[in-house]
Amino acid sequence: MKKGTGPRWVDFHCHLDLYPDHAALIQQCDQAEVATLAVTTTPKAWPRNKEMAAQSRLVRVALGLHPQLVAERVEEVAIFERYLPDARYIGEIGLDGGPRFYGSLKEQEQVLDRMLRASAEQGRKVASLHSVRSVAKVLTALEGTRFIDTSKAVLHWFTGTKAEARRAVEMGCYFSINAEMLRTERHRILVASLPHDRLLTETDGPFVKTSRGTVRPRDVEETVFQLAEVFGFTVEDMRSGLLSNLR
């Protein structure tokens, strides 16, 4: 692929607005040829993010309300719905059933249901979903709202069981994989069980650190190398396969 004609890499989940050099990082994504989904954690952040990425060739901005923030920002669901017609990508949304956020899980479920229903009605959306200790509930929400009938769901940093993975695959879900997910043998085995034509790469920056420091979108190259090793592919076949999945 000639330089400038399309991406070479995919970072399908990165919090670009949480880096101190947000604007420079958008330019870096274009220069490094990384198709990047810049997820947001609150609907109020979406307009500014969208404005900053407006001239970017490869950065797209997702409209989100992070489940960890639902308890304090539940009123922003109305803002989410207001911006939704102009948003092709949704994220970060989902559920977090971990100890710190379990207390708001019922409220999270209500908010997720409302956002998915609104998105399903409009159709042609692509959502990046958080599902910590809540994969079954997220999949049930995707089914119950009929989101997956009209749109695409990508499970970000999937840590569910093999049975949950099979259910997600049968529903048509995709999975975005980061380097942290490939650190342990248990998770490598789980990733290896996923269909390679349903995979994307992500960084979840700036929340992932490497020996070189905070991960950046260009660092997905290392994840591609690791995935190629997991699946027994050449790096080039893995890279081109991920781009095909993105399309």
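Me: Why is Asp149 called partly exposed?
Reply: Asp149 has a relative accessible area of 48%. The label "buried" is for values under 20%, "exposed" for values over 50%, and "partly exposed" for those in between (1.4 Å probe, protein chains only). So Asp149, at 48%, falls in the in-between class. One thing to keep in mind is that this is a predicted model: local features need pLDDT of at least 70, side-chain atom pairs count only at pLDDT 80 or more, and totals for chains, interfaces and linings use all residues. Residues are numbered from 1 along each chain as its sequence is written, and side-chain values use heavy atoms, with hydrogens and water left out.

Me: What makes Arg146 and Asp149 a salt bridge?
Reply: A salt bridge needs a side-chain nitrogen of Lys or Arg within 4 Å of a carboxyl oxygen of Asp or Glu. The closest N and O atoms of Arg146 and Asp149 are 2.9 Å apart, so the pair qualifies. Arg146 itself counts as exposed because its relative accessibility is 55%. Elsewhere, salt bridges that share partners join Lys106, Glu109 and Lys137 into one network.

Me: How do you know that Lys106 and Glu109 form a salt bridge?
Reply: Their closest N and O atoms are 4.0 Å apart, which meets the cut-off, so the pair counts. Lys106 and Glu109 are 3 residues apart in helix 5, so about one helical turn separates them. Lys106 is exposed because its relative accessibility is 60%, while Glu109, at 23%, is partly exposed.

Me: Why is Gln108 called buried?
Reply: Its relative accessibility is 0%, so Gln108 belongs to the buried class. Gln108 sits in helix 5, residues 105-122; helices here are DSSP runs of H or I with at least four residues, strands are runs of E with at least two, and numbering starts at the N terminus. Leaving aside residues up to four places away in sequence, Gln108 touches Pro67, Val70, Gly94, Leu95, Asp96 and Phe101, where contact means heavy atoms within 4.5 Å.

Me: Where is Ala62, and is it buried or exposed?
Reply: Ala62 lies in strand 3, residues 59-63. With a relative accessible area of 0%, Ala62 is buried. Beyond residues up to four places away in sequence, the contacts of Ala62 include Leu37, Val39, Trp46 and Tyr89.

Me: How do you know how compact the protein is?
Reply: The protein has 11 helices and 10 strands. Its radius of gyration is 17 Å, close to the 18 Å that the globule rule gives for 247 residues, so the protein is as compact as a globular protein of that length. That radius is taken over C-alpha atoms, and the rule is 2.2 Å times the number of residues to the power 0.38. The C-alpha trace spans about 45 × 40 × 35 Å along its principal axes. Of the 247 residues, 55% are buried.
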